[in-house]
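User: Hi! I'm new to reading protein structures. Could you walk me through this one?

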Amino acid sequence: MKSLKSHFSLITALFSILITLQLFLSLDRIIGAYEQRLGDNYGIVVVSDNNLSLAFFQSIDSAINAVEPLSPTRMLQQLQQQTGDSQINLMALNLPHFYRLRMAHFITPDAARVLGERLLRYRAITRVETFAQQHDTVYRLLQLFKNVVSVLAAVVLLVTSLLIVKEMRLWQFQHRERMNIMALFGAPVWLRSAVLFRLAIVDAVIASVIATTVFLLVDHYGWMAQLLSLVQLQPTLFQPLHDVPLLTGVAISLSILLASMIVMGHKEEV
Amino acid sequence: MDKIIVADNLSLGYGRHETIISKATFAIDSGSFVFITGASGSGKSTLLKSFFGALPLLSGSLMVGGVDMDNISAKKLNFLRRHVGIVFQDYKLVKEWTIDKNVMLPLLINGYARDISEMQVEKLLGHVKLTHQRSKYPMELSGGEQQRVAMARALAHNPILILADEPTGNLDEYSSKVIWNLLEGANTQLEATVVVVTHHIPETLGIKYKHFHIEHGDVYEVS
């Protein structure tokens with residue numbers, strides 16, 4: 001019963017760490033998806049006297065992955081009501097070229113400002129609008145969210161680590177007697193601690209199986225996906241091929257570390 | 001005759017300021033049966049502990065089975081212990097293991113094959129009259145039965161040296177008799193050196209033995 005309780009405590013502590021890790025991964029993916037969406041909607045408007053190609057813009061910054069020429073037609077139609085056709089035709093002939101630059105990924109407000117300055121160094125480009133202020137607000141909000149999540153993850157990690165240290169002391173006490181007796185008959189360290197490592201690995205595997213099951217269920221029933229669809233986001237929160245080995249690896253590494261600390265801290269008593 | 005234990009000016013204790021054995025010089029012959037006696041707290045168990053490397057030397061030298069016990073490495077100590085059988089007054093059985101697994105412990109450590117180990121365990125449990133208890137756990141047995149299990153374990157790997165600390169301390173007459181018979185048998189048939197720490201030497205012992213006594217930190221042979 002005592003042994004079961006001890007297993008349960010370690011599995012719970014490991015499970016908490018795995019859940020925190022997976023939540024962090026999922027939130028990172030949500031933020032990534034949100035960044036992607038922001039990136040997709042974000043565009044820098046460039047006004048140029050000359051006709052410019054995508055290759056030209058990419059020679060300035062390879063992160064530019066699309067160029068959309070902006071048609072002034074709608075604006076001209078509005079002006080047509082106030083002025084005559086001949087003036088509109090003249091204006092249309094003298095209008096510069098308008099482009100919207102799309103980025104391959106979400107860029108920081110600073111990077112947007114630098115890109116704007118680099119574009120303006122070209123004589124043909126007369127004006128650049130990076131929408132930096134608006135972009136900056138959204139970006140900072142995103143960063144704040146990311147930081148809050150990181151702090152929360154760190155707190156959970158700290159608390160569960162303390163739980164594991166407590167568990168480690170209990171294990172040390174439980175296994176001390178057997179390890180002492182085995183040492184008296186000349187058992188090498190690996191043999192004395194074999195049971196300990198086996199138990200640690202079994203507990204780690206159990207914890208990762210439980211964590212995987214929980215996230216598979218969450219993924220299967222789409223509870224999170226429903227919430228995220230409200231903000232038009234559809235990230236894959238749980239990627240079994242990537243996450244299962246990661247979770248199992250973290251759990252096994254942690255429990256092996258725990259068992260190693262017990263073995264190293266063991267002193268023979270007769 | 002070869003010496004299995006040689007102590008020269010050996011001092012033992014728990015820290016520099018608590019010397020229990022002081023500059024003792026003695027030797028124990030291979031294949032002999034030796035009793036170490038002394039009053040409570042005289043250092044009998046302390047001396048025995050030094051024979052299996054559970055206590056570092058304060059000064060002097062101690063050779064056990066040709067191995068220098070001063071600052072002995074973990075590897076050498078494990079090697080030595082694999083050839084020693086130890087019996088404690090408090091048995092030191094692994095509580096979460098069954099009786100047969102406890103007896104098998106030295107065989108597993110020494111790398112014996114499973115079938116040979118099982119045969120040896122069967123034989124030894126027969127000697128200590130506990131074959132019927134083999135699947136039980138130590139806490140399910142009486143003190144005398146637990147000590148007989150510890151005895152079987154100490155003999156399992158045919159050690160060259162058997163160290164016993166008050167092996168019959170609180171045992172009933174029957175268990176004591178079984179223990180002494182086994183120790184005698186190990187000495188006469190297996191030619192193992194037997195060193196027993198005890199308060200009093202049994203009168204019914206049918207073999208020749210040597211007797212060391214400890215008094216005021218000194219170890220001397222009683223003629």
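User: Which residue stands opposite B:Asp68 in S5(B)?
Analyst: That is B:Met63. Before we go on, this is a predicted model, where local features need pLDDT of at least 70, side-chain atom pairs count only at pLDDT 80 or more, and totals for chains, interfaces and linings use all residues. Residues are numbered from 1 along each chain as its sequence is written, while chains are lettered from A and ligands numbered from 1 in the order in which they are written.

User: What do S4(B) and S5(B) form?
Analyst: They form a hairpin with 2 residues between them, and B:Gly65 in the turn has a positive phi of about 60°. Strands (E, at least two residues) and helices (H or I, at least four) are DSSP runs numbered from the N terminus, and two strands pair if DSSP finds at least two bridges between them.

User: In what order do the strands of the open sheet come?
Analyst: The order is S2-S1-S4-S5 in chain B, with 4 strands and antiparallel pairing. The edge strands are S2 (19-29) and S5 (67-68) of chain B, each pairing on one side only. S1 (residues 3-13) and S4 (residues 59-64) of chain B pair over 5 bridges, and B:Ala7 has B:Leu62 as its bridge partner in S4(B).

User: Is B:Asn9 buried, exposed or partly exposed?
Analyst: B:Asn9 is partly exposed, with 13 other C-beta atoms within 10 Å. A residue is buried if 20 or more other C-beta atoms lie within 10 Å of its own, exposed if 12 or fewer, and partly exposed in between, with C-beta atoms placed from the backbone.

User: Switching to helices, how do H5 and H6 of chain B pack?
Analyst: H5 (residues 143-155) and H6 (residues 173-188) of chain B pack at an angle of about 10°, with their axes 9 Å apart. That makes H5(B) roughly parallel to H6(B), a label for angles under 35 degrees, whereas over 145 is roughly antiparallel, 65 to 115 roughly perpendicular and the rest oblique. The axes are lines fitted to C-alpha atoms, for helices over the stretch in contact, and angles run from 0 to 180 degrees between N-to-C directions.

User: Which residues make that contact?
Analyst: Among them are B:Gly144 and B:Met151 of H5(B), and B:Tyr174 and B:Leu182 of H6(B). Being in contact means that the C-beta atoms of two residues, placed from the backbone, lie within 7 Å.

User: And how many residues does each chain bring to the contact between the chains?
Analyst: Chain B gives 13 residues and chain A gives 11 residues. Helix H2 (74-81) and helix H3 (99-109) of chain B each supply at least two residues of the side of chain B that touches chain A.

User: Which residues of H2(B) are buried?
Analyst: B:Asn78, B:Leu80 and B:Arg81 are buried there. Seen down the axis of H2(B), its buried residues fall within an arc of 160°, so they line one face of the helix. The arc is that of the directions from the helix axis to the C-beta atoms.
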